[in-house]
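Subject: Structure handover

Hello,

Here is the structure I promised to pass on. Please have a look at it before you read on.

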Amino acid sequence: MVKEIESSNLFVAMFAEAETRDEFHIAGVKIEIAEQIYRMMGERKVTQAELARRLGKNRAYISKILKGTTNFTIETLVKIGRQLGAEWEFHLSDSRNQASQK
């Protein structure tokens, strides 16, 4: 039981430390974007291969975007949205307000 608590505290500390790094937040945004693309692809019944063809890219590149393992430009995001018949809505939130709500 004590070992579980120590492990849990270690995990909490490691997670808290990770949250201080830019890489943690970058990965989170990439995953959120990937989830939105994947959802829209499902709604539109568009495969990775079809999206790649529409964009003039290879399927491996689309796969990397959906896995959150590659960087992409705003231009690429806009093109993906247009090829899926969708538009992006971006907003920047005040992280100080979010931190106080936790």
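Below is what I found in it.

First, a caution: this is a predicted model.

The overall picture is simple to state. The chain has 6 helices and 0 strands. From the N terminus on, the elements run α-α-α-α-α-α. Of its 102 residues, 24% count as buried. The accessible surface of the chain is about 8,300 Å². Carbon and sulfur atoms hold 54% of that surface. Take the contacts between residues at least 6 apart in sequence: 52% of them join residues at least 24 apart.

Now helix H3, residues 48-55. Which of its residues are buried? They are Gln48, Leu51, Ala52 and Leu55. These cover an arc of only 100 degrees around the axis, so they lie on the same side of H3. What do they pack against? Their partners are helix H2 (22-44), helix H4 (59-67) and helix H5 (74-83). Ile62 touches Gln48, Leu51, Ala52 and Leu55, leaving aside residues up to four places away in sequence. Just after H3 comes Gly56, with a positive phi of about 70 degrees.

Then the core. The largest nonpolar core has 16 residues. Ile37, Met41, Leu51, Ile62, Ile80 and Leu84 touch the most other members. H2, H3, H4 and H5 each supply at least two residues of this core. H2 gives the most, with 4 residues.

Best wishes

Definitions and conventions: Residues numbered from 1 in each chain as written. Predicted model: local features only at pLDDT ≥ 70, side-chain atom pairs only at ≥ 80, totals over all residues. Heavy atoms only, no water. Buried < 20%, exposed > 50% of the residue type's maximum accessible area, 1.4 Å probe, protein only. Arc of directions from axis to C-beta. Contact = heavy atoms within 4.5 Å. Core = buried A, V, L, I, M, F, W, Y, C linked by side-chain atoms within 4.5 Å. Areas by Shrake-Rupley, 256 points an atom, 1.4 Å probe, with all protein chains shown as cover.
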